[in-house]
Amino acid sequence: MHETPRIILCVDDDADDQLMVFETIKEINPGARVATAVNGLEALHYLANAKAKEELPCLIIMDINMPLMDGKETVARIKKEPRYDSIPIVLFTTSSSQLDRTFCEQYNIPFVTKPHSPKELHTVVKGILALATG
C-alpha cells in the first residue's frame, strides 16, 4: 500500500507569492501535494470538499490580506469547526501589525512574516513545514 501524499493548503491572493511558496515546498518535499485558494471563501470550500473525500490538508499556510474573506476571518471560522481541529494553521503575511500578532496569540497559531529573499524563504518554509501533522 502506498502512502497518500501530504496535502498542504496555501491560501494567498498574490499569485507570485503563491507560486514562490509552492515551488519552495516542492523543492523541500517533492512528494507533497499543494492545493491553493485565493481567498478565505475558496479555502473553506476546499476544506468542505476535502473533508467529504477524507483528504484534509496536513497544514494550512494562510495570508491575512485577501479579498472577499481575509485570513483572520477564515482562521476564526476554521477554528469553530471541530472537524478541522487537527490541522495546523500558519499566518504567513507581509503584515507587521501588533493586532495581527495578538490575533495569532489568541488562536495559538504561528505568525510568520514573508521574507524578501529566496534563501530566507526556503528557511522559513522549511520551518513552517515542520509544523505539519502526520
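Both lysine 114 and aspartate 12 are buried (under 20% relative accessible area with a 1.4 Å probe and protein chains only; over 50% is exposed and in between is partly exposed). The model is a predicted one, in which local features need pLDDT of at least 70 and side-chain atom pairs count only at pLDDT 80 or more, while totals for chains, interfaces and linings use all residues. Residues are numbered from 1 along each chain as its sequence is written, and side-chain values use heavy atoms, with hydrogens and water left out.

Side chains of opposite charge can pair when their charged atoms come close. A search of the whole structure gives seven salt bridges (a side-chain nitrogen of Lys or Arg within 4 Å of a carboxyl oxygen of Asp or Glu). One of them joins lysine 114 to aspartate 12, with the closest N and O atoms 2.6 Å apart. This pair links distant parts of the chain, 102 residues apart: lysine 114 is in the loop between strand S5 (111-113) and H5, and aspartate 12 is in the loop between strand S1 (7-11) and H1. Helices (H or I, at least four residues) and strands (E, at least two) are DSSP runs numbered from the N terminus.

Lysine 114 also forms a salt bridge with aspartate 63, at 3.7 Å from N to O. Aspartate 63 lies in the loop between strand S3 (59-62) and helix H3 (71-79) and lysine 114 in the loop between S5 and H5, so this pair ties together parts that are 51 residues apart in sequence. Aspartate 63 is buried, as is lysine 114.

A further salt bridge is formed by arginine 77 and glutamate 73, whose closest N and O atoms are 3.0 Å apart. Both residues lie in helix H3, four residues apart, or about one turn of the helix. Arginine 77 is partly exposed, with a relative accessible area of 40%, and glutamate 73 is partly exposed at 36%. Salt bridges that share partners join Asp12, Asp17, Asp63 and Lys114 into one network.

Two packed helices are described by the angle between their axes and the distance between the axes. Axes are lines fitted to C-alpha atoms, for helices over the stretch in contact, and angles run from 0 to 180 degrees between N-to-C directions. The axes of helix H1 (residues 15-28) and helix H5 (residues 118-129) come within 10 Å and cross at roughly 70°. H1 is therefore roughly perpendicular to H5 (65 to 115 degrees; under 35 counts as roughly parallel, over 145 as roughly antiparallel and the rest as oblique). The H1 and H5 crossing is right-handed, that is, the near helix is turned clockwise from the far one by less than a right angle. Met20, Val21, Thr24, Ile25, Glu27 and Ile28 of H1 make the contact with Leu121, His122, Val125, Lys126 and Leu129 of H5 (heavy atoms within 4.5 Å).

Helix H2 (residues 40-52) packs against H3 at an angle of about 25°, their axes being 9 Å apart. H2 and H3 are therefore roughly parallel to each other, and their crossing is right-handed. On the H2 side, Gly40, Ala43, Leu44 and Leu47 meet Thr74, Arg77 and Ile78 of H3.

Glutamine 18 is placed in helix H1. This residue counts as buried, at 12% relative accessibility. Leaving aside neighbours within four places in sequence, glutamine 18 is in contact with Cys10, Asp12, Thr36, Ala37 and Val38.
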